[in-house]
Amino acid sequence: MILEVNKISFHYHNSREIFRDVSFSIDRGEILSILGTNGAGKSTLLNCIANLRQPNSGEILLNGKPMSKMKVREISQVIGYVPQVHSTAYAYTVREFTVMGRTPYIGAFSTPSKNDYKISDAALEKMGISHLKNKPYTEISGGERQQVMIARVIAQQPQLILLDEPTAHLDYGNQYRVVQMIRQFADEGYALIMTTHNPEHAIMLNGKVAILNNEGILDVGRAAETINGEALSKLYGLPIKLVYNNEAKRNVCVVC
Amino acid sequence: MKYNSNDKQALSADSEKSLQKKGQSDSANKFKVIFFTSAIMLMIFFAMSLVTGQYVVPIEDVIKIVFSNIIPIEKTWNSIQQSVILDLRLPRTVAAIIVGGALAASGATYQSIFKNPMVSPDLLGVSSGACVGAATAILLNANSTVIQMAAFAGGLIAVMITTMIPRLIRNESTTILVLSGIIIGSLMTSIMNIIKFVADTDTQLAEITYWMMGSFAMITFEEMLPLLPAIIIPIAAIMLMRYRLNVLSLGDYEAKTLGINIRKTRGIFILCSTLSTASCVCMCGTIGWVGLVIPHTARMIIGSDNKKMLPIAMIFGSIFMIFIDVLCRTITTAELKLGILTGLIGAPFFIFILFKQRRQVQ
């Protein structure tokens, strides 16, 4: 098992509990989609797994080892993190930006080697964005930045990839392509965890789903079982039904 | 996995590939060309600095005098000429090279770790803090070691206060950091004025003024030597670790998920750049603008990657410092202070840079 989360709870200093007794696990080739309303704490949960925040109780095991006892660098060789699309203070070229994914393997006193560039160039190639290589990261579109960030995480060669709302700020077509790509990554053997605001993405991925409700309880299960009209209606406070669509050959969400 | 695949792209993939390869070697070549061109320029400026001055020494004699230390050369010059070159111009030129390079490197470091291209040793209050520390030590008639340590402590305290204010008011934006830098800067100026007020007008005041404006005029190798390790070692550390600056400039979260121990790495960088800036202040007083303008210039020419940018910025810093120093001693018969010229040249130049980069500055 790549990642095992055992009964973790989290609250900010002097604040209400964001989630409690959260447990789940994920292995090679599996996808976990985390659903929840705005402010429910999806990103906080993802940050706990990324070692960016420490849970107040419980433990997280990475390949059987407690994460709290691992070095930052060791963790970064197993977990790759794709933050939401953002800009940088400096105009690094796409190539310079992508090769930073190699940092976990570069010594404190050295710079990326030819091999590091080779790996990151291959990642750009894989994403089909080699033509952006010499463009400044600050001057490409949001969709392109997302692709570059994913290329960087591929260059990082992790076993588990965390994506914080990978479909946010993307147009309809790019959202769909990201979902397809996540599916493909799972088939290649990566474990993936993503947060999303769109239950249909979770349905399309057809992996594990975790619904974080506003009481801080996480309900985990297979997409087909966990996502139903009742659960979604309760979560979003809207009358939502799942309707089977013959054209798409899957369930789609409708508000009615 | 192309998510925007189209036939045109596939067709031109081959030609594109060769273009990219060319592009990559171009950028590597560009670095080499700029590096060697600026290194040669630095040597020319070095020679120019030895030749230029009120007292005329012919070029061939300058060369002979410099090399007479290493290889035996028949003496065709007088001892005044020798003294002018070896005791006056050589030390100040060497000091200009070191200080210019160190300030540029420190500035670039601060800019990366604060994820903010608008910060510099002056703006964060490091220079003025170091100046207050040193002036206080001078006021207490301390020896040069104590002055140096006081300068370092002053610089470190100033940068700590400046970076604490945004955290205190929970607004870590560029604007607030720049504002708190201005606040601490003017606070330090006020303290400097108090120190000047109580200083002994005959002895201490001149020394303190010298510090405030910056000058290489009184530098000697004997004075320089003990300060050199405090500048060179931290700068060497920064140079060795410079790739980490790229990653740190992405922000704490990303840097951490890329395997960097944020607190430790950032701590080392702040310590190194503060120590070298403070030691530069010890050597020649506060010199503004270099730490801000030079990294910007280097970034404009070679790009933001610190792997390439930092070495270029250091050479540019050295060239700029020699240039300013030469101007200081040639414009008028009396020596001008460095701070006057770096301000006069640096400020308009910075406006020009801002204009060029207006799209990137947020």
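**Helices, sheets and a chain contact in a predicted model**

In chain B, the residues Val290(B), Ile294(B), Pro295(B), Thr297(B), Ala298(B), Arg299(B), Ile301(B) and Ile302(B) of α13(B) meet Lys308(B), Met309(B), Ile312(B), Ala313(B), Phe316(B), Gly317(B), Phe320(B) and Met321(B) of α14(B), where two residues are in contact if their C-beta atoms, placed from the backbone, lie within 7 Å, and where helices (H or I, at least four residues) and strands (E, at least two) are DSSP runs numbered from the N terminus. The residues of this contact between α13(B) and α14(B) divide into 12 nonpolar, two polar and two charged, with Ala, Val, Leu, Ile, Met, Phe, Trp, Tyr, Cys and Pro counted as nonpolar, Asp, Glu, Lys and Arg as charged, and the others, Gly among them, as polar.

This is a predicted model, in which local features need pLDDT of at least 70 and side-chain atom pairs count only at pLDDT 80 or more, whereas totals for chains, interfaces and linings use all residues. Residues are numbered from 1 along each chain as its sequence is written, while chains are lettered from A and ligands numbered from 1 in the order in which they are written. The pLDDT is the predictor's confidence in each residue, from 0 to 100; for chain A its mean is 93, and 100% of the residues of chain A reach 70 or more. Within chain A, confidence is highest in strand β7 (residues 160-163), at a mean of 98, and lowest in helix α8 (residues 223-226), at a mean of 87.

Two packed helices are described by the angle between their axes and the distance between the axes. Helix α13 (residues 290-302) of chain B and helix α14 (residues 306-330) of chain B pack at an angle of about 125°, with their axes 8 Å apart; axes here are lines fitted to C-alpha atoms, for helices over the stretch in contact, and angles run from 0 to 180 degrees between N-to-C directions. The two helices α13(B) and α14(B) are therefore oblique to each other, since angles under 35 degrees count as roughly parallel, over 145 as roughly antiparallel, 65 to 115 as roughly perpendicular and the rest as oblique.

A further partner of α13(B) is helix α4 (residues 79-113) of chain B, and the axes of these two helices come within 8 Å and cross at roughly 75°, so α4(B) and α13(B) are roughly perpendicular to each other. From α4(B), the residues Gly100(B), Leu103(B), Ala104(B), Ser106(B), Gly107(B), Ala108(B) and Gln111(B) meet Val290(B), Gly291(B), Leu292(B), Ile294(B) and Pro295(B) of α13(B). The contact of α4(B) with α13(B) comprises seven nonpolar, five polar and no charged residues.

Turning to chain A, six strands form an open sheet in the order β6-β7-β8-β3-β9-β10, with mixed pairing; two strands pair if DSSP finds at least two bridges between them. Strands β6 (79-82) and β10 (218-222) of chain A stand at the edges, each with a single partner strand, so one side of each is left without a neighbour in the sheet. Strand β3 (residues 31-36) and strand β8 (residues 191-196) of chain A pair in the parallel sense over five bridges, and Leu32(A) stands opposite Ile193(A) in β8(A). Helix α1 (residues 42-49) of chain A packs on this sheet, touching β3, β7, β8 and β9 (208-212) of chain A, and its direction makes about 155° with that of β8(A).

A second open sheet of chain A has four strands in the order β2-β1-β4-β5, with antiparallel pairing, and β2 (17-26) and β5 (65-66) stand at its edges, each with a single partner strand, so one side of each is left without a neighbour in the sheet. Five bridges join strand β1 (residues 3-11) of chain A to the antiparallel strand β4 (residues 57-62) of chain A, and the bridge partner of Leu3(A) in β4(A) is Leu62(A). On this sheet, too, α1(A) packs, touching β1, β2 and β4 of chain A, and its direction makes about 125° with that of β1(A). Strands β1(A) and β2(A) pair in the antiparallel sense over six bridges and form a hairpin with five residues between them, where Asn14(A) in the turn has a positive phi of about 55°.

Finally, the contact between the chains takes 35 residues from chain A and 32 residues from chain B. On the side of chain A that touches chain B, α2 (72-76) and α6 (172-187) of chain A each supply at least two residues, and the largest share, four residues, comes from α6(A). By class, that side of chain A has 16 nonpolar, 14 polar and five charged residues.
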